[in-house]
Amino acid sequence: MTRTLVFGGARSGKSAYAEQLALASGKEVLYIATARAGDGEMATRIGHHRQRRPAAWTTLEEPLALGEALLRHCAPQRLVLVDCLTLWLSNLMFSGAAEYPDVGDIALPALFHQQRQYFLDALDNVAGDLVLVSNEVGMGIVPYGAISRAFSDEAGRLNQAVAAACERAVLIAAGLPLVLKGAPC
């Protein structure tokens, strides 16, 4: 069993690289999609990802209960590819339909804390290979607005926790992989 975190900036090539790892595994592939098509632009992005995936792959859409999905579907004969953790994080942050203030402390919904912990616990107990895609959002300017800063903070914390739990971590920049942890892919 190998758990791999593939992360990088927007349009860095991280999803394509993760898909290459899945293809190279020779295993049955389950693709867990965390995105929701909230508008036309996002629907176009989702459609682009769908078109790239091989027809033999099974796709499961899971915007919230990611830990449960991992425990249910990870198996020795299967590689599970999750794309992407930061979209999942965003889904959780906005699951309570709260209006967040522009300034001040942000109180995240209870579901956020519950599902994040359940996911991290599940990550320690998966059977089979797992590839997790995430965005690196902490390499730019500090975002404007409290919720944007909270998202950046939570994404950074999540990436750190996931990288610590994984055997391999790969940073993608300009389509090029830089292995930060573990054996080269």
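Lys 27 sits in the loop between helix 1 (14–25) and strand 2, and Asp 129 in strand 5 (residues 129–135), so the pair ties together parts that are 102 residues apart in sequence.

**Ground rules**

A note to myself: this is a predicted model, where local features need pLDDT of at least 70, side-chain atom pairs count only at pLDDT 80 or more, and totals for chains, interfaces and linings use all residues. Residues are numbered from 1 along each chain as its sequence is written, and side-chain values use heavy atoms, with hydrogens and water left out. Helices (H or I, at least four residues) and strands (E, at least two) are DSSP runs, numbered from the N terminus.

**More on salt bridges**

I searched the whole structure and found seven salt bridges. One of them joins Glu 167 to Arg 3, with the closest N and O atoms 2.5 Å apart. Glu 167 is in the loop between helix 6 (146–165) and strand 6, while Arg 3 is in strand 1, so this pair links parts that are 164 residues apart in sequence.

Next I checked burial (buried is under 20% relative accessible area, exposed over 50%, partly exposed in between, with a 1.4 Å probe and protein chains only). Glu 167 is partly exposed at 33%, whereas Arg 3 is buried at 9%. Back at the opening pair, Lys 27 is partly exposed at 28% and Asp 129 is buried at 16%.

I also looked at Arg 157 and Glu 154, whose closest N and O atoms are 3.0 Å apart in their salt bridge. Both are in helix 6, three residues apart, which means about one helical turn separates them. Arg 157 is partly exposed at 44%, and Glu 154 is buried at 13%. Salt bridges with shared partners also join Arg 3, Asp 124 and Glu 167 into one network.

**The sheet**

In what order do the seven strands of the open sheet run? I read the order as 3-2-4-5-1-6-7, with mixed pairing; two strands pair if DSSP finds at least two bridges between them. Strand 3 (58–61) and strand 7 (176–181) are the edges, each pairing on one side only. From one strand to the next the twist averages 20°.

Strand 1 (residues 3–8) and strand 6 (residues 168–173) run parallel and are joined by five bridges. Gly 8 has Ile 172 in strand 6 as its bridge partner.

Strand 2 (residues 28–33) and strand 3 are also parallel, with four bridges between them. Here Ile 32 has Leu 60 as its bridge partner in strand 3. Between these two strands the chain passes through helix 2 (residues 40–52), and this β-α-β crossover is right-handed. The convention is that, with the strands pointing away from the viewer, the path from the first strand over the helix to the second runs clockwise.

Is helix 4 largely enclosed or open? Seven of its nine residues are buried, so helix 4 is largely enclosed by the rest of the structure. The buried residues include Thr 86, Trp 88 and Asn 91. What covers them includes strand 1, helix 3 (66–73), strand 4 (78–83), helix 5, strand 5 and helix 6, with contact meaning heavy atoms within 4.5 Å.

Most residues other than glycine have a negative phi, and most peptide bonds are trans. Cys 84 is in the loop between strand 4 and helix 4.

Arg 11 has a positive phi, near 55°. It lies in the loop between strand 1 and helix 1 and is exposed at 63%. For Ala 174, phi is also positive and near 55°. I found Ala 174 in the loop between strand 6 and strand 7, exposed at 74%.

Definitions and conventions
Axes are lines fitted to C-alpha atoms, for helices over the stretch in contact, and angles run from 0 to 180 degrees between N-to-C directions. A salt bridge is a side-chain nitrogen of Lys or Arg within 4 Å of a carboxyl oxygen of Asp or Glu.
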